[in-house]
Amino acid sequence: MNELEGSPKTWPPLGLPTGSVRALLTLLVIAVVLTSIVQNRNPDILWSEALLIALAHYFTSRRFVALPPNVIKRLEAEGVIEQERHPLYLPKHSIRFLIFASFIGVAVYLYREQRLFQAETVSLLGIVYAYLLGSIVRGVGNWFHRKSESRPSRLWTDGKAAVALLVLIIASIPEFLDIREGVPTELHKIAIGIMLFYFGSH
């Protein structure tokens, strides 16, 4: 008998459900960044960049084809696709809930400490919240379209893309022309926030 018979098509890292290591890495990066913020220290730029990369990868690295639940069950039973187990054996969406809850919890804590609107805090948390908000919008939109069996509005899809492109082009022009002086830093933050919202919602 072949010892590989009946085994999964791919071996998940450390034998944990697919996405578990990605979830742990993401949660660790979030813990480092939020701990720095709570302790009134500016997180190292590398940790901040790692946070955005980890969030973007975690929220997009799932099954790409939206199939009805009965089709997924049938394909899993037939062995066409592997049965999807949730990361770290936790209930569905637990990791996403922990991510959202951690950022909301820190925002509430900083608000009570009257530190929520400090420039460094707004800069980092603002762009993270923009991406997370985009992810929420995408999730709500997907749920609505599945329930109503409708397609996303082309106006909404094209509108998001046009606004993101326009704002980023405007923010990029001073960089291309090397005329950064006099350009408000808020312009860059708004542009990056809108871009990350687009990435999260797309």
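These questions and answers look at the helices and the nonpolar core of a predicted model.

The model is predicted, and its local features need pLDDT of at least 70, while side-chain atom pairs count only at pLDDT 80 or more and totals for chains, interfaces and linings use all residues. Residues are numbered from 1 along each chain as its sequence is written, and side-chain values use heavy atoms, with hydrogens and water left out.

Q: How many helices and how many strands are there in the chain?
A: Helices (H or I, at least four residues) and strands (E, at least two) are DSSP runs, numbered from the N terminus. From that end on, the elements run α-α-α-α-α-α-α. The count is therefore seven helices and zero strands.

Q: Which residues does Leu132 touch, not counting residues up to four places away in sequence?
A: Contact means heavy atoms within 4.5 Å. Leu132 is among the residues with the most contacts inside the largest core. With residues up to four places away left out, Leu132 touches Phe59, Ile99, Phe100 and Phe103.

Q: How far apart are the end C-alpha atoms of H4?
A: The expected span of a helix is 1.5 Å times one less than its number of residues. H4 has 19 residues and so should span 27 Å, and this agrees with the distance between its end C-alpha atoms, which is 27 Å.

Technical notes:
A nonpolar core is a set of buried Ala, Val, Leu, Ile, Met, Phe, Trp, Tyr and Cys residues joined through side-chain atoms within 4.5 Å. Buried means under 20% relative accessible area, exposed over 50%, partly exposed in between (1.4 Å probe, protein chains only).
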